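Let us walk through this predicted model. We begin with one residue and its surroundings, then widen the view.

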Amino acid sequence: MSTPTGITPQASEDLLRDEPKLTLQNPPLPQQLTNLMNGALNAAGLGGKNGSSDQVNRIRKDTIGYKSSPFPLKANQQADVAGILSGTGFLPVELVAGEVDWFYNHLGIDNAYFLAETPEAIADHVLALYSAKLLAYTKHDPEMLVIDLEKITPEGDKAGAKEGAVWIHSSKPGVTVDKGPGASTEKRIDALYIDKSSPAKAYRLETYRSTGAISSTISQQLRCYFVQRCVFPTEGPKKNEKGNTDIRSVSDASFLEKATENTLDIYQEVMDEVERREGPVIEMYEVEDSRERRVVIGYKMGGTKKFFSALSDLYHFYGLYSARKYVEQFANGVTIISMYLNPVPNTRAPPIEHSIHQVVREASLLFVLPDNPFFNVIDDSDSTHAVQEATYAYVGWIFAQHFCNRLGSAYIALKDALDESNSSHMEVLNKIKTRFREETFTRESIKDVILNHPELVRMLYINFAMVHYPAADEASHLTPTLSFQRLKTEQPLSDQELYQKIRKEASNQHAFQILEALLVFNKHVIKCNFYQPTKVALSFRLNPAFLPEVEYPKQPFGMFFVVGSDFRGFHVRFRDVARGGIRIIRSRGNENYNSNVRTLFDENYGLAATQNLKNKDIPEGGAKGTILPIVGADIKQAFHKYVDAIIDLLIPGQSPGIKGPIVDVSNRQDPEILFFGPDENTADLMDWAALHAKKRGAPWWKSFTTGKSAESLGGIPHDIYGMTSLSVRQYIYGVLKAHGLNEKEVTKFQTGGPDGDLGSNEILLSKDKTIAIIDGSGVLYDPAGLDRPELIRLAKARSPISGFDPKKLGPEGYRVLVDEKDVRLPSGEIIPDGTDLRNNFHFRVKADLFVPCGGRPEAVNVSNVANLIDGDGKPHFKYVIEGANLFFTQQARLWLEKKGVVLFKDASTNKGGVTSSSLEVLAGLSLKDGEYGDLMIFKDGKPSPFYQSYVKDIQQKVCENAAAEYSCIAKEWQRQKGTMPRTRITDQLSSTLNDLQNELEVSDLYDNLQSRKNVLAHAIPKTLVDKLGLDELMQRLPEQYQRAVWSAWVSSNYIYECGMGASNVDFFHFFSRLAQ
């Protein structure tokens, strides 16, 4: 038996373990319902005021809901229509009265239609209906009776008609069609109106099924849709006596005219819940003296797409049809859908008393993924999947795209044969890797395999559900409902049996590897929110053991996988206590999006691994999160869903029917905590994430994110307090001292101007002779030294170099902006294009010191690094201190060091920011909410004395750590007699510290109370210790966090003090001093 390289050998062995499963029986049901075997495992979205599941929590007299539209002039209009038809000659005069009377009084069309249409339009509709009946009669086939009418009135209609739309088509109750009348109507309504609605421009919808038949001999009914532009009150929302938004103050005028008091009361309660939490609010009501059920769903406007049309597929799946439906929009950004559902007569579908609960539950899951290619109710064959089963298939589809075997043994052999230190070899290898991933398993091929193996997908879903459905032992209590009956007669298979079944029944090796990936997914899900009653995206905490070592040499501690309707995302961390930024990756188009899909996890893994190296002397290990929205998606909303879905797995659900308990197969006792930070496209979202965690009841909300606003949430901004620059400066001071240089005489070149965080602080903190600066606006150069007072002025104002006064340049100085053309320099040289000069100016300048504080990643790489050497073989710069991340590639750094450049890489130099963020986390974990508000949040725009003192402590820690690491690298370089580049020393130092910290964190040395106290007293800023006391801090801080603080301090201080070549004896003496 071969082991695919897409998973580890251990993962394959785990698949063969035989685990006992619950045997379930199934009564006979129609094929489509027999296929729905996830019923007892079905808890995805519950109804009721508090989300209660299988019981109706209140029954109202609700037979009307909306007032009937009064139309006293209806008879007059009917006469006008008859007159128009008589005059056309198309309809026999003797039949006109009967056809019009049937249309008006026996078809059962709501008065809303007659009020909205002109007599001329109605006459056209009557004639169209008559023509359709005539055609069906001549064909002797009632199925040939087709009505398909449409009228869309755009905004600014020349005739003055109100913006909106009307659709009328023939329709069979409880049937979804893929062609003919009505096949695309609701999808078009979603796309044109509901999905585009916003408080500034929203649309409401009324849709009715005619109560009567089209004629006395043909039983078909008509379906009518009416869309109209909302007219909201001009005044803003008002609060009611409960402090909630008063629904009347945000309602459309037409809705207020038609809604009964009962409906207003129901919608008010739903609106209150929508404003209070994320995700859909779903209510169900029995209609008195009827089998009809009313389902009301509220959610934040734009929170999902294509949802209205997907709901029809859902209730059709259970043999139900809608008599009428409404979509109401409100000026406070709330959407409420109301559906009146009835059982389709003379079907073998389960009774509505049972099936309605499935609709209510699964509507929540449908909200998360409304556009799911695996949920298709048109097909009544074995391939039809229920909502939960189809959702599982969708998640498996996404998972397989990222983690199917894509490289194989040929790649491994090639990798082993090539030299990883040779940049040319690595470039070839990366190209081959990318091509393998593009061609081996495409998204379409994976989807086809899943669609073509419905039975195996069902069994895989059961395998997943048997583990993660909460409180499965309660399934027997659901027997009276459809839930328990929906399980198929086959006994759920063990992992080994299912693995063998996949091998036997998969159509080919390609299909086997895809389906096996779903089984690997099942085996490595630790916990998930799949069965949470309400959610906005699906989240899965995965055990990373399945990741192949050939691609991911260092196994992460943990990873999260998040799937939404309009995005996918990951979070990877390398230690239990870890922190890193959350990055939103934007795509320029579909081709770029497809490329981003292929590289998403690899990018996430690489970023987290790099962060782990940088976080070598702080408690938090490295972590990173990535979010990839589809093209055109709302990236802010994608971030909100990503965060909320992950929080589902971090805090216990304690609201029945809203957030319930989840299954955690790890049986972890202490809470899992994540720390997020800002990254690309998320810097302005950190406040929301912290406040949302607070709203969700997370006790760690204050430390959940860094980069928060200083004044309102007690954040500690790196730019204002120069945290990253202070770290960079320690390396500059070290180099100056080591080489006996006077800073005022040192020439310096920097990328990143006075408008940036690093660039401005580098100007304010330095005393050197800066000769050149590049920023987004252009190039500034003066070989005699740029005027420092003018640079300081720009830095304090955060203005770009375009604001530099040219009069303060020397005779040979110049400023060239990016939009300038054909500029003559003092030397006489003509610069054709300012942008080209800016992009390549770092190859023209010569200076003693180069400090990149901004610029494009990999601006200097193996293909262009030779441009930094002059014709005499001398480097342009003697010293390079990296402020910006990734300005140089690793190969470029090593090449420059071989040429004699003294270079310190970013992972060492610019870690001041991560140190500051780490201590921002510490304050959030240590202080209670009231204390945090008093001590960390500004009052009247001013920080407290505690805050100011704490910031100074952080600045001191930043300088101490940076200076200590610089000294350690310098000593190791001397010990190695210059044979090991400083770049390699930094990497080795990071790995050494990380490995030692990991060992210490789980060692019994932590149990030495005296040493622990001594270490924590040094590691925690003095201001915090003085305020709370060490003993109180040790009571408040989570155990795993204290271990991380202790191990980080011991490992870093030991290595920094004793050196990278220290022995076990050195550690014994070092630790012995800590215990004194």
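Start at Ala132. Setting aside neighbours within four places in sequence, Ala132 is in contact with Leu145, Val146 and Ile147. Ala132 itself sits in helix H6, which spans residues 119-138. Take the pair Ala132 and Leu145: 13 residues separate them in sequence, and their C-alpha atoms are 5.1 Å apart in space. Is Ala132 buried or exposed? Its relative accessible area is 8%. The cut-off for buried is under 20%, so Ala132 counts as buried.

Now move to another pair of helices. Two packed helices are described by the angle between their axes and the distance between the axes. H39 covers residues 1039-1058 and H40 covers residues 1064-1074. Their axes come within 11 Å and cross at roughly 125°. That angle makes H39 oblique to H40. The crossing is right-handed.

Which residues meet there? From H39 come Trp1046, Trp1049, Val1050, Asn1053, Tyr1054, Glu1057 and Cys1058. From H40 come Asp1066, Phe1067, Phe1070, Phe1071, Arg1073 and Leu1074. By class, this contact of H39 with H40 holds nine nonpolar, one polar and three charged residues.

Finally, step back to the whole chain. Its secondary structure comes to 40 helices and 24 strands. Of its 1076 residues, 59% are buried. Among contacts with a separation of 6 or more, 71% join residues 24 or more positions apart. The accessible surface comes to about 43,200 Å², and carbon and sulfur atoms account for 51% of that area.

Note on methods
Residues numbered from 1 in each chain as written. Predicted model: local features only at pLDDT ≥ 70, side-chain atom pairs only at ≥ 80, totals over all residues. Heavy atoms only, no water. Helix = DSSP H or I, 4+ residues; strand = E, 2+ residues; numbered from the N terminus. Buried < 20%, exposed > 50% of the residue type's maximum accessible area, 1.4 Å probe, protein only. Contact = heavy atoms within 4.5 Å. Areas by Shrake-Rupley, 256 points an atom, 1.4 Å probe, with all protein chains shown as cover. Axes fitted to C-alpha atoms, helices over the stretch in contact; angles between N-to-C directions. Parallel < 35°, antiparallel > 145°, perpendicular 65-115°, else oblique. Left-handed = near helix turned anticlockwise from the far one by under 90°. Nonpolar A, V, L, I, M, F, W, Y, C, P; charged D, E, K, R; others polar.
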